[in-house]
Amino acid sequence: METAARTAPAAVIVAIDGPSGTGKSSTSKAVAAKLGLSYLDTGAQYRAITWWMLTNGIDVTDPVAIADAAGKPVIVSGTDPSAPTITVDGIDASGPIRTQEVTSKVSAVSAVPEVRTLITELQRSIAKGAALGIVVEGRDIGTTVLPDADLKIFLTASPEARAARRSGELKGADVSATREALLKRDAADSSRKTSPLAKADDAVEVDTSDLTLEQVIECVVTLVEGKRAAK
Ligand SMILES: Nc1ncnc2c1ncn2[C@@H]1O[C@H](COP(=O)(O)OP(=O)(O)O)[C@@H](O)[C@H]1O
Ligand SMILES: Nc1ccn([C@@H]2O[C@H](COP(=O)(O)OP(=O)(O)O)[C@@H](O)[C@H]2O)c(=O)n1
């Protein structure tokens with residue numbers, strides 16, 4: 001009789017990177033749910049450490065203060081794509097990490113090398129523990145966190161499409177102000193020295209500007225299934 005271990009599909013690791021509003025979270029969650037994989041939102045982890053710094057009086061304009069405090073918060077990510085969670089020191093942080101204040105400060109905190117080292121280790125251990133595989137989304141997953149991922153996707157979209165999507169979520173937010181804020185964050189994330197936002201050489205680039213979310217999901221599911229079949 002065949003053992004479960006022999007018949008179970010090999011774990012598949014999928015890295016999805018790209019700037020804000022390109023569809024990383026929606027696509028990654030849906031692909032993971034459809035294929036029975038775990039899901040990790042690495043942006044939520046950088047937001048969580050930023051929120052902890054802000055609520056604990058750390059000066060987020062001072063990289064030395066950020067580096068000194070980086071090891072203190074305990075960040076735990078739940079990886080069920082239908083109900084992802086994030087806690088900091090046991091407190092649910094899923095709401096507070098989405099505030100405008102955190103969004104405007106997260107690039108400065110995430111640029112500090114000590115922060116990146118700690119969060120990258122956490123991400124690798126979560127990916128290693130995902131028995132059936134995982135979809136990990138962020139900015140540096142294909143280049144730095146999981147350079148041996150089975151499949152790397154880099155999502156792009158025009159600043160106009162991204163701003164329209166984000167201001168739709170922020171109910172009534174001004175599209176041009178949202179566009180400027182997105183571009184400012186892209187510039188900071190792309191220009192930092194340690195693991196900047198970048199497309200890995202072997203990533204598949206998908207421009208989502210004129211695609212529906214369903215089309216993007218279908219495209220990525222097809223690519224993952226192809227990789228799984230080849231394993
Ligand atoms: N291809 C698409 N077409 C239209 N809206 C989209 C598309 N992809 C994502 N969205 C919407 O845009 C918003 C931002 O998507 P999200 O997945 O959070 O992007 P990211 O994680 O890259 O910042 C969400 O409201 C989402 O439903
Ligand atoms: N792998 C990652 C993921 C996010 N980040 C940082 O975290 C911020 C928030 O990421 P996010 O994915 O939640 O942002 P949105 O795309 O949801 O706006 C980014 O702007 C980066 O500064 C990072 O540096 N590396």
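Modeller: Start with α2, which gives three residues to the shell around ligand 1, the largest share of any element. Keep in mind that this is a predicted model. In total, 15 residues surround ligand 1, and the closest are Gly23, Lys24, Ser25, Ser26 and Arg165. Besides α2 (24-35), the elements that give two or more residues to that shell are α8 (159-169) and α10 (213-230). By class, the shell around ligand 1 splits into nine polar, three nonpolar and three charged residues.

Now hold that against ligand 2. Its shell also has 15 residues, with Ser20, Gly43, Tyr46, Ser110 and Gly138 coming nearest. Here the elements giving two or more residues are α3 (42-55), α5 (100-110) and α9 (175-191). Of these, α3 gives the largest share, five residues. The class make-up of the ligand 2 shell is six polar, five charged and four nonpolar residues.

While you're around α5, have a look at Ile97, which sits in the loop between β5 (91-92) and α5. Ile97 counts as buried because 23 other C-beta atoms lie within 10 Å of its own, and the cut-off is 20 or more. Leaving out residues up to four places away in sequence, Ile97 touches Ala44, Arg47, Ala48, Trp51, Ile86 and Val102.

Zooming out, the protein chain has ten helices and eight strands. Its radius of gyration is 18 Å, close to the 17 Å that the globule rule gives for 231 residues, so the chain is as compact as a globular protein of that length. Along the principal axes, the C-alpha trace spans about 60 × 40 × 30 Å. Of the 231 residues, 40% count as buried. As for contacts with a separation of 6 or more, 75% of them join residues 24 or more positions apart.

Methods. Residues numbered from 1 in each chain as written. Chains lettered and ligands numbered in written order. Predicted model: local features only at pLDDT ≥ 70, side-chain atom pairs only at ≥ 80, totals over all residues. Near = placed C-beta within 6 Å. Helix = DSSP H or I, 4+ residues; strand = E, 2+ residues; numbered from the N terminus. Nonpolar A, V, L, I, M, F, W, Y, C, P; charged D, E, K, R; others polar. Rg over C-alpha atoms; globule rule 2.2 N^0.38 Å. Buried ≥ 20, exposed ≤ 12 C-beta atoms within 10 Å, placed from the backbone. Contact = placed C-beta atoms within 7 Å.
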